[in-house]
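Me: I am new to this structure. Could you walk me through how to read it?

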Amino acid sequence: MAQPSVLIIEDEEVVRTALAKRLRMTDCLAEAAATGEEGMKRLGERPADLVLLDYRLPDTDGLELLERIRRRWPDTLVIMMTAYTNVDVAIQAMRLGAHDYVSKPFSLDEMMVVVDKALETKHLRTEVRRLQTTRMQEFAFDQIVARSPKMVEIVDLLKNLAVSEARTILLQGESGTGKDLAAKVLHYNSPRAEHPFMNITCTALPETLLESELFGHEKGAFTDARERKQGLFELAEGGTIFLDEIGDMPRSLQAKLLRFLEEKAFRRVGGTRDLVVDVRIVAATNKDLRRLVSDGEFREDLFYRLNIFPVTLPPLRERADDIPLLVERFIGRYSEEFHKEVTGIDPAALAVMQAYDWPGNVREMRNLIERAMLLSTGGRLTLDSLPMELMIPAVVATDEEGGETQPLVLLGPQGVDLRQVERLLVEQAMELAVGNQSRAAQLLRISRDQLRYRLQKYGLLKANDTGHTS
Ligand SMILES: Nc1ncnc2c1ncn2[C@@H]1O[C@H](COP(=O)(O)OP(=O)(O)OP(=O)(O)O)[C@@H](O)[C@H]1O
Ligand SMILES: [Mg+2]
């Protein structure tokens with residue numbers, strides 16, 4: 001922790017100096033003021049973590065000063081020093097937002113116990129706030145890379161939903177399309193951001209444990225329930241619960257969840273009392289929920305309830321426009337993490353990535369870049385940085401001298417119809433050669449007979465075509 005700063009506002013010189021001296025011994029930055037105005041001036045120059053404020057001051061009333069300090073520096077804690085005969089002042093000070101009070105006369109040791117406690121509180125508050133700010137940066141909207149029209153639209157939708165009153169949001173999409181990320185971004189950009197974000201995967205626990213994890217249980221509800229336990233629904237009060245893999249939620253819990261969504265109420269396992277909490281449910285699934293409904297595995301009523309605000313994250317292969325930006329983002333992230341000076345990616349490598357169909361979506365890409373970055377020695381990522389399965393070139397174009405080779409069409413795991421590709425190339429060659437077969441054959445590096453054979457095979461020969469152009 002940075003050196004804590006304490007300001008003493010006290011007119012009695014003996015007390016003032018003794019306190020200041022003692023505080024400095026404990027590594028505090030201690031300053032002192034003899035009047036209220038001087039105190040305010042000091043704070044104006046540099047706000048303190050903690051103020052030790054005397055109740056009786058020559059120029060102002062301590063309680064009035066307390067109010068002014070609280071208003072202007074709400075993060076500054078105040079310990080009120082009161083005469084021990086005047087309990088009312090102490091009570092009033094606490095009501096006006098003093099963190100604590102110490103009644104005079106006090107020993108320095110006594111005061112230091114209170115000061116230490118206050119500084120500890122202050123430190124924890126700062127820490128919580130810092131973590132929250134980090135979280136908010138980590139999950140700001142711009143963390144979702146979106147350049148393709150589809151994704152831009154989705155980010156807009158998420159922005160609207162985040163600040164809306166929506167109590168349930170359903171995220172759908174293949175594995176690795178960013179549902180987790182979207183759930184966190186939704187939370188940390190909502191008015192709920194300062195309340196908890198709780199995350200549970202419905203497949204992670206057996207049914208009974210999952211129920212008690214979500215809804216809590218009363219003491220004695222089942223053999224192992226020795227104590228009452230609060231569930232996530234209670235703990236997340238005011239915040240968001242992310243129910244991942246909702247498609248796998250057991251049917252008995254689906255009923256309980258539905259009731260909660262409709263009435264905001266639920267009971268602990270073994271409980272007889274309804275509890276009401278305000279939480280937003282963000283559910284996610286990579287399964288087709290509609291299909292699960294028709295297969296009888298998912299309650300239809302729950303599906304409709306969840307499906308009020310559906311967000312479907314498209315697979316990466318449907319938004320190749322996002323790929324360059326994603327690559328750039330991940331290169332940046334891992335450059336920093338691995339302390340590597342990688343500045344970008346070669347166009348050929350990028351082309352390979354854009355042609356690949358990414359069955360594992362963004363996660364697959366992230367992992368791939370991570371690995372490439374680990375192996376990289378700096379400079380740019382190249383074709384060599386990519387795994388073989390990404391680039392089985394179906395067609396290789398050679399320049400006139402026969403030197404450079406460059407993959408043009410890339411074969412992804414989905415395969416390709418070779419005959420179709422061949423037909424396309426033959427057609428293109430004929431077009432480029434304006435129907436001149438010799439020229440077209442040349443372009444394709446085959447003989448004229450081989451070309452004619454293909455023209456016939458693909459029905460590209462006109463009836464009166466003799467193979468000669470006029
Ligand atoms: N649009 C995006 N921009 C930046 N990073 C993304 C984007 N989409 C996903 N990611 C990153 O890709 C990784 C996988 O995403 P995430 O875990 O959110 O996927 P998921 O849809 O929850 O997958 P699963 O169904 O397997 O749980 C994460 O590291 C996430 O931050
Ligand atoms: Mg996920």
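Me: Let's begin with a helix. What do the buried residues of H8 pack against?
Reply: The buried residues of H8 pack against strand E7 (197-201), helix H9 (232-235), helix H10 (251-263) and strand E9 (265-266). Contact here means that two C-beta atoms, placed from the backbone, lie within 7 Å. Helices (H or I, at least four residues) and strands (E, at least two) are DSSP runs, numbered from the N terminus.

Me: What should I know about the model and its numbering?
Reply: This is a predicted model: local features need pLDDT of at least 70, side-chain atom pairs count only at pLDDT 80 or more, and totals for chains, interfaces and linings use all residues. Residues are numbered from 1 along each chain as its sequence is written, while chains are lettered from A and ligands numbered from 1 in the order in which they are written.

Me: Which residues of helix H8 are buried?
Reply: A residue is buried if 20 or more other C-beta atoms lie within 10 Å of its own, exposed if 12 or fewer, and partly exposed in between, with C-beta atoms placed from the backbone. In H8 (residues 207-215), Leu210, Glu211, Ser212, Leu214 and Phe215 are buried. An α-helix has 3.6 residues a turn, so residues three or four places apart point the same way.

Me: Which residues other than glycine have a positive phi here?
Reply: Trp358 is one of them, with phi near 50°. Trp358 sits in the loop between helix H14 (347-355) and H15. Arg445 is another, at about 55°. Its loop runs between helix H17 (437-443) and helix H18 (448-457).

Me: Are Trp358 and Arg445 buried or exposed?
Reply: Trp358 is buried, because 25 other C-beta atoms lie within 10 Å. Arg445 counts as exposed, with 9 C-beta neighbours inside 10 Å.

Me: Next, peptide bonds. Is the one from Lys104 to Pro105 cis or trans?
Reply: Most peptide bonds are trans. The bond from Lys104 to Pro105 is cis, with omega near -5°. Pro105 lies in the loop between E5 and H5.

Me: How do I read a sheet, and what is the order of the one with E5?
Reply: Start with the pairs. Two strands pair if DSSP finds at least two bridges between them. Here an open sheet of 5 strands has the order E2-E1-E3-E4-E5, and the pairing is parallel. Strand E2 (29-33) and strand E5 (100-104) are at the edges; each has a single partner strand, so one side of each lacks a neighbour in the sheet. From one strand to the next, the twist averages 20°.

Me: How many bridges join E4 to E5?
Reply: There are 5, and strand E4 (residues 77-83) runs parallel to E5. Ala83 stands opposite Lys104 in E5. E3 is also joined to E4 by 5 bridges. There, Val51 has Val78 as its bridge partner in E4. E4 is largely enclosed by the rest of the structure, because 6 of its 7 residues are buried.

Me: Which strands does helix H5 lie across?
Reply: Helix H5 (residues 108-138) lies across strand E3 (50-54), E4 and E5, and runs at about 160° to E4. Axes are lines fitted to C-alpha atoms, for helices over the stretch in contact, and angles run from 0 to 180 degrees between N-to-C directions.

Me: What is the strand order in the sheet that contains E7?
Reply: This open sheet of 5 strands reads E7-E8-E11-E6-E12, with parallel pairing. E7 and strand E12 (310-312) are its edge strands, each pairing on one side only. Strand E8 (residues 240-244) is joined to strand E11 (residues 280-285) by 4 bridges. Ile241 has Ile281 as its bridge partner in E11.

Me: Last, the ligand. How many residues surround ligand 1?
Reply: A residue is near a molecule if its C-beta atom, placed from the backbone, lies within 6 Å of it. 17 residues surround ligand 1, and the closest are Val145, Ser175, Gly178, Lys179 and Asp180. Helix H7 (179-188), helix H13 (323-338) and helix H15 (361-375) each give two or more residues to this shell.

Me: Which domains give at least three residues each to the shell?
Reply: Domain 2 (140-314) and domain 3 (317-392) do. Domain bounds come from an automatic or database domain assignment.
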